[in-house]
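I opened my notebook to record what I looked up, entry by entry.

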Amino acid sequence: MLFFGLVFMGGWAAAVAALVYAAVVLVRIWPRDWVRLHGHPAVRLLVPTHAYLRFDVALAVSALLIDLWLVSAAIVFGSDGIFTEDWMGYPGMTDPSGQGYQAGAVSALRTTAWWTSGIAALCRCWTTAGVQVCVLPLAASWIGSFDTYYT
C-alpha cells in the first residue's frame, strides 16, 4: 500500500515533467517536416520522420507515467474499505457506497485506454497508441481481479 501511495503522490510530478518535456520536443520539431518527403504517399504518411518519432517516444513515456498514476489512484482510493484483507489488512467493509467502485474503475481505465489510443493513432503517434492499448486494459483486468468485500 505504501508503494502505491508513493507512486500516487510522486506521479503528479513525474507526469507533469514528462508532459513538459514532450511539449519542448514538439516545439523543437515544429518547423521541421512531420511527413517524409520521399517515397510512396502511404509510406510518407504512416512512417514518421525521426524528429516526430522523438516526440512520439516522449509522449509515450508521459502517457505511461500518467497511466501509472491513474492505476495508483484507483488502488489508493479503493483501499478505503473496497478491497479485502488479503492484501489491504482490513477484512470488513468501511465504505457502504463502494460496491460499484471496482466496476467503475475498470470501466474508466478501459474507456481512457481506447480514447487515448484512438487520439494517438489519429495523430500518428504509434508508440503512444501501443502503450495505451497495452498498459491500461491490462491494469483494468488486474484491478477487476481483486477480491472485494462484495464478491
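**Entry 1: the whole chain.** Residues 24 or more positions apart make up 71% of them in the protein chain. I noted that this is a predicted model. The protein chain has six helices and zero strands. Along the sequence I read the pattern α-α-α-α-α-α. Next I looked up burial. Of the 151 residues, 36% count as buried. The accessible surface comes to about 8,900 Å². Carbon and sulfur atoms hold 72% of that surface.

**Entry 2: α3 against α5.** I wanted two numbers for each pair. Two packed helices are described by the angle between their axes and the distance between the axes. Helix α3 covers residues 50-78, and helix α5 covers residues 101-122. How far apart are their axes, and at what angle do they pack? I found 11 Å and about 175°. Angles over 145 degrees count as roughly antiparallel. So α3 and α5 are roughly antiparallel to each other. I then listed the residues that meet. From α3 I wrote down Leu70, Val71, Ala73, Ala74, Phe77 and Gly78. From α5 I wrote down Tyr101, Ala105, Leu109 and Thr112. This contact divides into eight nonpolar residues, two polar and no charged.

**Entry 3: α5 against α6.** I repeated the search for the next pair. The axes of α5 and α6 come within 8 Å and cross at roughly 170°. The two helices are therefore roughly antiparallel to each other. In α5 it includes Gln102, Val106, Leu109, Arg110 and Trp114. In α6 it includes Trp126, Gln132, Val133, Leu136 and Ile143. How many residues of this contact are nonpolar, polar and charged? I found 14 nonpolar, eight polar and one charged. I noticed that Leu109 in α5 is on the list for α3 and on the list for α6. Thr112 in α5 is likewise listed with α3 and with α6.

**Entry 4: α6 by itself.** I checked the length of helix α6, residues 126-144. At 1.5 Å a residue, its 19 residues should span 27 Å. The end C-alpha atoms are 27 Å apart, which agrees. I looked up which residues are buried here. They are Thr128, Ala129, Val131, Gln132, Leu136, Pro137, Ala139, Ala140 and Ile143. What covers them includes α3 and α5.

**Entry 5: Arg124.** Arg124 is in the loop between α5 and α6. Is Arg124 buried or exposed? The cut-off for buried is under 20% relative accessible area. Arg124 has 10% relative accessibility, so it counts as buried. I also looked up its phi. Phi of Arg124 is near 65°, a positive value in a residue other than glycine.

**Entry 6: Ser62.** I found Ser62 in helix α3. Its relative accessibility is 1%, so Ser62 counts as buried. Which residues does Ser62 touch, not counting those up to four places away in sequence? I found Ala18 and Leu19.

**Entry 7: Ala17.** Ala17 is in helix α1, residues 2-29. Its relative accessible area is 46%, so Ala17 is partly exposed. I also looked up its distance to Leu65. Ala17 and Leu65 are 48 residues apart along the chain, and their C-alpha atoms are separated by 9.9 Å.

How values were computed. Residues are numbered from 1 along each chain as its sequence is written. This is a predicted model: local features need pLDDT of at least 70, side-chain atom pairs count only at pLDDT 80 or more; totals for chains, interfaces and linings use all residues. Side-chain values use heavy atoms; hydrogens and water are left out. Axes are lines fitted to C-alpha atoms, for helices over the stretch in contact, and angles run from 0 to 180 degrees between N-to-C directions. Helices (H or I, at least four residues) and strands (E, at least two) are DSSP runs, numbered from the N terminus. Angles under 35 degrees count as roughly parallel, over 145 as roughly antiparallel, 65 to 115 as roughly perpendicular and the rest as oblique. Contact means heavy atoms within 4.5 Å. Ala, Val, Leu, Ile, Met, Phe, Trp, Tyr, Cys and Pro count as nonpolar, Asp, Glu, Lys and Arg as charged, and the others, Gly among them, as polar. The expected span of a helix is 1.5 Å times one less than its number of residues. Buried means under 20% relative accessible area, exposed over 50%, partly exposed in between (1.4 Å probe, protein chains only). Accessible areas come from the Shrake-Rupley method with a 1.4 Å probe; for residues, only the protein chains shown count as cover.
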